[in-house]
Amino acid sequence: MRITDVKLLGTSFDCADHGGHSHRWAFLQLETDEGLTGVGEWSCSLGGIALVAKTLQLLRADLVGEDANDIERLWHKMYRHYFSLGPRGVVTAAISSVDIALWDIKGKALNRPVYDLLGGRVRDRVLLYSHPQAGTPEEVAEDSVKQVAEGWTALKTDPFRSEVRKRMGVGPGFEIRYMEGALSAEAEETAEAVVRAMREAVGPKIEILIDAHGNFNVPTAVRLARRLTPYKLTWFEEPCPPESFDALRQIRESVEVPICVGERLFTRFDFVPIFRDRLADYIMPDVVLTGGISELKKIATMAESYYIPVSPHNPPGGPVQVTAAAHVMMTVPNFYRQEFARNYLDAHNSVITPALDIRNGCLFLSNRPGLGVELDTDFIKAHPDPDWC
Ligand SMILES: [Mg+2]
């Protein structure tokens with residue numbers, strides 16, 4: 001079964017879902033000479049999509065004519081393509097989308113869901129956590145209560161980011177980048193108010209996760225983690241930028257709150273020091289950034305041998321990312337929860353068929369062959385991404 005074409009599809013649209021959100025997602029269709037088409041995704045934020053699109057256009061010559069059955073060999077062929085520059089980030093995102101599409105094709109060819117090809121099920125549903133709408137402490141608390149009433153049992157927020165945006169003059173977008181790594185006393189006060197309001201609103205049994213988005217220097221991260229510890233956090237995510245494992249170690253040795261990292265770590269190799277040096281309590285690899293279904297399964301198995309739970313990253317990814325990660329988690333014993341923004345559900349369902357089956361804070365996968373979802377190409381083509389389409 002030979003690969004005959006690699007098609008790239010990008011979409012950008014506003015969805016009048018809960019709170020109203022803009023979405024920018026990028027998908028791949030891998031076509032074969034047996035008429036089977038696999039879908040993949042490489043959504044990532046802040047201009048990354050256009051970079052990965054260019055890389056996929058360059059990798060196309062390596063893929064057309066290849067045997068679509070040879071997932072592992074093609075993974076390594078793409079991974080070693082950029083010999084001098086290295087394959088982290090942009091290239092592993094490109095590889096991820098191809099790898100996901102190849103697993104979709106293999107499932108369709110064998111008439112089995114992807115989770116069956118990865119060892120079979122260890123669970124019948126994938127437990128999720130969600131995000132309350134960002135905003136003032138009162139707004140975050142109000143949306144948290146709404147989501148708990150729908151059956152969500154764990155919620156994550158970044159209580160620092162509105163202040164970061166304001167200070168940088170970048171408006172309401174998701175524009176956070178490390179510079180000096182500090183936060184004003186007023187912003188720390190606001191962050192604690194957000195977390196306190198959430199905890200008081202949802203009570204002691206709902207899990208609360210805090211995402212620092214890698215924005216802080218060591219003393220700031222330590223101070224914030226200690227300040228928020230009384231609110232019984234499940235984890236404090238990416239306390240510092242992802243490049244320095246030494247900084248992460250210093251933070252980890254100074255705080256009691258559990259640490260989660262991994263959405264900006266690429267391939268199993270980046271996770272080696274995390275496990276070896278005991279730098280995190282949870283990991284959150286992203287299936288469309290770290291190397292696809294093949295790599296997520298390998299990273300999860302490595303984590304299993306250290307008794308570290310895996311919790312795949314989601315936003316800003318789209319529904320193919322959600323589904324691909326969920327297929328792996330159906331087969332992984334050491335699973336915590338998968339990330340999902342409940343308020344993006346309508347947007348996810350705008351670009352795929354059938355709709356995601358989400359009930360009581362869980363995603364249910366069907367037993368359809370492959371990933372079990374197809375792109376709504378009419379919708380996607382009607383809402384092209386102006387950045388690169
Ligand atoms: Mg995060």
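**Figure 1. The antiparallel sheet β1-β2-β3 in the predicted model.** In this predicted model, three strands make up an open sheet with the order β1-β2-β3, and their pairing is antiparallel. The edge positions are held by β1 (3–15) and β3 (37–41), each of which pairs on one side only. From one strand to the next, the twist averages 25°. Helix α3 (residues 90–110) packs on this sheet and touches β1, β2 and β3. The direction of α3 makes about 150° with that of β3.

Figure 2. Strand β2 (residues 21–32) runs antiparallel to β3 and is joined to it by 5 bridges. Q29 has V39 of β3 as its bridge partner, and E31 stands opposite T37 in β3. The two strands form a hairpin with 4 residues between them. In the turn, G35 has a positive phi of about 85°. Strand β3 is mostly covered, with 4 of its 5 residues buried. In a regular strand, side chains alternate between the two faces of the sheet.

**Figure 3. The largest nonpolar core.** This core holds 118 residues, and F160, F236 and I293 touch the most other members. Helix α3 supplies the largest share of the core, 10 residues. The core lies between domain 1 (3–111 + 377–382) and domain 2 (116–374), because both domains give residues to it. Nonpolar side chains tend to be buried together in soluble globular proteins.

Figure 4. Leaving aside neighbours within four places in sequence, F160 is in contact with L183, A191, I210, D211, A212, F216, L224, L228 and F236. Another core lies apart from the largest one. This other core has 8 residues, among them Y129, W235, Y282 and Y336.

Figure 5. D211 and E237 are both buried. D211 is also one of the residues in contact with F160.

Figure 6. P241 is placed in the loop between β7 and α9 (245–252). Apart from neighbours within four places in sequence, the contacts of P241 are Y178, G214 and F216. F216 is also in contact with F160. P241 and E41 are 200 residues apart in sequence, and their C-alpha atoms are 25 Å apart in space.

**Figure 7. The mixed sheet β10-β4-β13-β12.** Four strands form an open sheet in the order β10-β4-β13-β12, with mixed pairing. β10 (338–339) and β12 (357–359) stand at the edges with a single partner strand each, so one side of each has no neighbour in the sheet. Strand β4 (residues 126–129) and strand β13 (residues 362–364) run antiparallel and are joined by 2 bridges. Within this sheet, V126 stands opposite L363 in β13. Strands of a sheet pair through backbone hydrogen bonds, either parallel or antiparallel.

**Figure 8. Two cis peptide bonds.** The peptide bond from P315 to P316 is cis, with omega near 15°. P316 is located in the loop between α11 (292–304) and α12 (319–329). The peptide bond from T353 to P354 is also cis, with omega near -15°. P354 is located in the loop between β11 (352–353) and β12.

Figure 9. Most residues other than glycine have a negative phi, and most peptide bonds are trans. K232 has a positive phi, near 55°, and is found in the loop between α8 (218–228) and β7. K232 counts as exposed because its relative accessibility is 54%, where the cut-off for exposed is over 50%. N360 has a positive phi as well, near 50°, and is found in the loop between β12 and β13. The relative accessible area of N360 is 59%, so N360 is exposed.

Notes
Residues are numbered from 1 along each chain as its sequence is written. This is a predicted model: local features need pLDDT of at least 70, side-chain atom pairs count only at pLDDT 80 or more; totals for chains, interfaces and linings use all residues. Side-chain values use heavy atoms; hydrogens and water are left out. Two strands pair if DSSP finds at least two bridges between them. Axes are lines fitted to C-alpha atoms, for helices over the stretch in contact, and angles run from 0 to 180 degrees between N-to-C directions. Contact means heavy atoms within 4.5 Å. A nonpolar core is a set of buried Ala, Val, Leu, Ile, Met, Phe, Trp, Tyr and Cys residues joined through side-chain atoms within 4.5 Å. Buried means under 20% relative accessible area, exposed over 50%, partly exposed in between (1.4 Å probe, protein chains only). Domain bounds come from an automatic or database domain assignment.
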